[in-house]
Amino acid sequence: MAKEIIRGKLVSKVPHVTKKVGQGGKVIVTNVLFDIDDIIKAVRFWSGRNAYYGFSITNFEEEIRKDGKYYYSGNMTFERNMDFYLRQRFSIDFAIKGAEKVQVEGPKGDIRNLMKGKIIFTLFTDMDLDYDNVFKNSKGLRGFIHHIFFEYIYFKTYEAHKFELGTNTGKIHTLLKSQVDSFKIYKEI
């Protein structure tokens with residue numbers, strides 16, 4: 001009973017900050033055909049369909065080296081507010097290394113230009129608690145109320161949202177893998 005009442009100190013848990021959730025993860029595929037624009041469109045569509053907003057591509061860099069190889073890097077981010085207190089956020093870094101443009105033929109004879117090389121997706125997930133700063137840096141009575149709220153009223157809701165974020169992380173991994181696999185139908189000319 002005493003352990004249940006004294007679950008933890010708010011000072012040590014610091015609920016009004018960004019909490020990293022899960023291990024994130026990587027999808028690394030080498031020597032494959034792909035179109036990064038199609039993959040980005042699929043992630044954008046998935047995020048909109050699952051009520052995430054603010055999809056943006058940042059830090060996009062493209063480099064063509066002297067040997068004709070293409071190198072890209074960038075970041076996709078999107079987020080959603082779960083309620084007045086918690087926000088889920090996804091950040092996907094992508095990197096294309098040593099790719100070259102190739103012409104391919106589809107199963108119906110259609111000709112298309114794709115890239116062939118190594119593509120890496122690194123996924124980061126986190127949850128922002130108290131994202132509107134309702135309780136941020138609260139002390140005294142307000143800090144005590146925040147402690148009671150987070151520890152005893154909101155904690156199960158937080159755990160449910162954390163589980164949902166983990167589920168969506170798995171769905172994004174599956175989406176990225178299936179998008180890369182979707183280009184296996186093409187054959188190089």
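Leucine 141 is exposed, with a relative accessible area of 63%, where exposed stands for over 50%, buried for under 20% and partly exposed for what lies in between (1.4 Å probe, protein chains only). The model is a predicted one, in which local features need pLDDT of at least 70 and side-chain atom pairs count only at pLDDT 80 or more, while totals for chains, interfaces and linings use all residues. Residues are numbered from 1 along each chain as its sequence is written, and side-chain values use heavy atoms, with hydrogens and water left out.

Leucine 141 belongs to helix α4 (residues 140-181); helices (H or I, at least four residues) and strands (E, at least two) are DSSP runs numbered from the N terminus. Together with Phe144 and Ile145, Leu141 forms a nonpolar patch on the surface, with about 330 Å² of accessible area for the three together. Such patches take residues with over 30% relative accessible area and no salt bridge, nonpolar side chains (Val, Leu, Ile, Met, Phe, Trp, Tyr) being joined within 5 Å and like charges within 9 Å, and the areas come from the Shrake-Rupley method with a 1.4 Å probe, only the protein chains shown counting as cover for residues.

By contrast, isoleucine 92 is buried, with a relative accessible area of 0%, and has its place in strand β5 (residues 86-105). Of the 189 residues of the protein chain, 43% count as buried, and the secondary structure comes to four helices and seven strands.

The whole structure holds 12 salt bridges, each being a side-chain nitrogen of Lys or Arg within 4 Å of a carboxyl oxygen of Asp or Glu.

| Salt bridge | N to O distance |
|---|---|
| Glutamate 164 and arginine 80 | 2.5 Å |
| Lysine 116 and glutamate 188 | 2.6 Å |
| Lysine 184 and aspartate 181 | 3.5 Å |

The pair of glutamate 164 in helix α4 and arginine 80 in strand β4 (residues 70-81) links distant parts of the chain, 84 residues apart. Glutamate 164 counts as partly exposed at 27% relative accessibility, whereas arginine 80 counts as buried at 11%. Lysine 116 lies in strand β6 and glutamate 188 in strand β7 (residues 187-188), so this pair ties together parts that are 72 residues apart in sequence. In the remaining pair of the table, lysine 184 is exposed, with a relative accessible area of 58%, while aspartate 181 counts as partly exposed at 40%. Elsewhere, Glu79, Arg87, Arg89, Asp126 and Asp128 are linked in a network of salt bridges.
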